[in-house]
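Morning, everyone. Please look at the sequence and the model first. Then I'll walk through a few residues.

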Amino acid sequence: MEDLIFGRFLQDLREKRGFTVTQLAQTAGVSIQSVIQWEKGLNKPPISTLEKVALALNVRVDEL
């Protein structure tokens, strides 16, 4: 359940920033499939990747 909450939050934040899944993946240096899996709540990114995602979305890691 926690992964799904994170996924929904990530998707909402991505959309508010005007990013497509592809744009977020490219900016964070991850695969499109990874972003899709995170947003669906299937898993979460490792902390090293979470830092890249936070940077791409212009938020702090602890906000994610």
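**Helix H4 and what follows**

Start with Asn-58, which sits in the segment after H4. Helices here are DSSP runs of H or I with at least four residues, strands are runs of E with at least two, and both are numbered from the N terminus.

A word on the source. This is a predicted model, where local features need pLDDT of at least 70, side-chain atom pairs count only at pLDDT 80 or more, and totals for chains, interfaces and linings use all residues. Residues are numbered from 1 along each chain as its sequence is written, and side-chain values use heavy atoms, with hydrogens and water left out.

Back to Asn-58. Its phi is positive, about 60°, although Asn-58 is not a glycine. Is Asn-58 buried or exposed? Exposed, because its relative accessibility is 66% (over 50% is exposed, under 20% buried, partly exposed in between; 1.4 Å probe, protein chains only).

Now into H4, residues 47-57, where we find Glu-51. Glu-51 has a relative accessible area of 45%, so it is partly exposed. Val-30 lies 21 residues from Glu-51 in sequence, and 12 Å away in space, C-alpha to C-alpha.

Next, the core. The largest nonpolar core holds 16 residues, and Leu-57 is among those with the most contacts inside it. Such a core is a set of buried Ala, Val, Leu, Ile, Met, Phe, Trp, Tyr and Cys residues joined through side-chain atoms within 4.5 Å. H4 contributes the most, five residues.

Last, Leu-57. Beyond neighbours within four places in sequence, Leu-57 is in contact (heavy atoms within 4.5 Å) with Leu-10, Leu-13, Arg-14, Arg-17, Phe-19 and Leu-24.
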